[in-house]
Amino acid sequence: MTRRLLVIGIGAGAPGHLTLQAIEAINRAEVFFVFDKGEASSELVEAREAILAAHRRAPWRLAWTQSPKRRAEARVHLDGRDAAAPGPAAEYRAGVAHWHAERAARLAARIEAELPENGVGAMLVWGDPALYDSTLRILAGVRAVLALDVEVIPGLSAVQALTSAHGLVLNEVGEKVTFTTGRRVLKDFSHEGTLVVMLDDGTGLEALIAREAEETAAGAPPLAIWWGAYLGMKDELLMSGPLAEVGPEILRRRAEAREKRGWIMDVWLVRGALAPAVTGA
């Protein structure tokens, strides 16, 4: 018989973000696998346990896997105005692949030890497992060495939580939406449509603020930003408005929040239309 692992999207942090399908899946699993990333992630583990407490109808068991340290890479922001240098991008991908392989090896050993054949385990994944999350790639590595069926339960993404919190329609009429990461902001940004940025450590936003200052000085239209951190949690942070005005304040509040809590999960989007007013929470 084959082990089964449920990859359950749990939304951006609020127990109310879970779908009925996710709740049903939580109650099918007998053990929940968690990567231990150190003290900085303890609040995230507590949030997962609050979700289990809210929706699980029976006691649960957590199986911990020590997460390997990721090799530090230089923050290189690819610039769409220049020819992209393949070196830094290739080094980044190689570093991520090495980290994923290490995580897969450790997780495979833990699943084999903790989950009996024909058993059902689960991993609770922030947002939606298909959008900028590495769990499914890591499980592909696990399945290369261990017989395992994987079932994916979609979740409410951080992008949906952001647009809902701001009362915003993601796309403008007839315009594109581009999803990217902090290190690719300059390469992927254009004044057409909406740019959604995830996995930014703040340097992507900082780079775009500097780029906008150059372009508006040359006559380009200004940009607006909508930002959110800890979406769905009790300490949710929101700001929106003209990028030139609120961008530096977002960076300040982001750094302050990360210093205080040891971690931050945030997402932002920009487009070439001024926000009606500056807002914050």
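The questions and answers below concern a predicted model.

Biologist: How many helices and strands does the secondary structure of the chain come to?

Modeller: The chain has 281 residues, of which 48% count as buried. Among its contacts with a separation of 6 or more, 76% are accounted for by residues 24 or more positions apart. The secondary structure of this chain comes to eight helices and eleven strands.

Biologist: Which element gives the most to the lining of the largest cavity?

Modeller: There are two cavities of 30 Å³ or more, and the largest has a volume of about 40 Å³. Phe 32, Phe 33, Val 34, Arg 48, Leu 52, Leu 62 and Leu 124 form its lining, and the elements that give two or more residues to this lining are β2 (31-36) and α2 (42-55). With three residues, the element that gives the most is β2.

Biologist: How do the residues of the lining of the second largest cavity divide into nonpolar, polar and charged?

Modeller: The second largest cavity has a volume of about 30 Å³, and its lining consists of Lys 176, Thr 178, Asp 188, Ser 190, Glu 192, Thr 194 and Leu 195. For the largest cavity, the lining divides into six nonpolar, no polar and one charged. For the second largest cavity, the division is one nonpolar, three polar and three charged.

Biologist: How far apart are the end C-alpha atoms of helix α8, and what span should its residues give?

Modeller: Helix α8 runs over residues 243-261 and has 19 residues, which at 1.5 Å a residue should span 27 Å. The helix is followed by Gly 262, whose phi is positive, near 85°.

Biologist: Why can the buried residues of α8 be said to line one face of the helix, and within what arc do they fall?

Modeller: The buried residues of α8 are Leu 243, Val 246, Gly 247, Ile 250, Arg 253, Arg 254, Ala 257 and Arg 261. Seen down the helix axis, these buried residues of α8 fall within a limited arc, so they line one face. On the other side of α8, Ala 244, Glu 256 and Glu 259 are exposed. The arc that holds the buried residues is 140°.

Biologist: Which element contributes the largest share of the lining of the second largest pocket?

Modeller: About 160 Å³ of space lies in the second largest pocket, whose lining is made up of Tyr 230, Asp 235, Leu 237, Arg 253, Glu 256, Ala 257, Lys 260 and Arg 261. By class, this lining has three nonpolar, no polar and five charged residues. The largest share, five residues, comes from α8.

Biologist: Is Tyr 230 buried or exposed?

Modeller: Tyr 230 is among the residues that line the second largest pocket, and its place is in the loop between β8 (224-229) and β9 (237-242). Its phi is near 50°, a positive value in a residue other than glycine. With a relative accessible area of 2%, against a cut-off of under 20%, Tyr 230 is classed as buried.

Biologist: What is the relative accessible area of Asn 118?

Modeller: Asn 118 is found in the loop between α3 and β4 (120-125), and although Asn 118 is not a glycine, its phi is positive, about 75°. The residue is classed as partly exposed, a class that lies between the cut-offs of under 20% for buried and over 50% for exposed. The relative accessible area of Asn 118 is 47%.

Biologist: Which residues does Ser 67 touch, not counting those up to four places away in sequence?

Modeller: Ser 67 lies in the loop between β3 (62-66) and α3 (86-114), and Ser 67 is buried, with a relative accessible area of 10%. The C-alpha atoms of Ser 67 and Arg 106 are separated by 8.0 Å, although these residues are 39 residues apart along the chain. Leaving out residues up to four places away in sequence, Ser 67 touches Phe 35, Asp 36, Lys 37, Trp 99, Arg 103 and Arg 106.

Terms used. Residues are numbered from 1 along each chain as its sequence is written. This is a predicted model: local features need pLDDT of at least 70, side-chain atom pairs count only at pLDDT 80 or more; totals for chains, interfaces and linings use all residues. Side-chain values use heavy atoms; hydrogens and water are left out. On a 1 Å grid over the protein atoms alone, a cavity is a set of points where a 1.4 Å probe fits but cannot get out, and a pocket is an open set with protein on both sides within 12 Å along at least five of seven lines; lining residues have an atom within 4 Å of a point. Grid points are joined across faces, edges and corners, and a volume is the space filled by probe spheres set on the points. Helices (H or I, at least four residues) and strands (E, at least two) are DSSP runs, numbered from the N terminus. Ala, Val, Leu, Ile, Met, Phe, Trp, Tyr, Cys and Pro count as nonpolar, Asp, Glu, Lys and Arg as charged, and the others, Gly among them, as polar. The expected span of a helix is 1.5 Å times one less than its number of residues. Buried means under 20% relative accessible area, exposed over 50%, partly exposed in between (1.4 Å probe, protein chains only). The arc is that of the directions from the helix axis to the C-beta atoms. Contact means heavy atoms within 4.5 Å.
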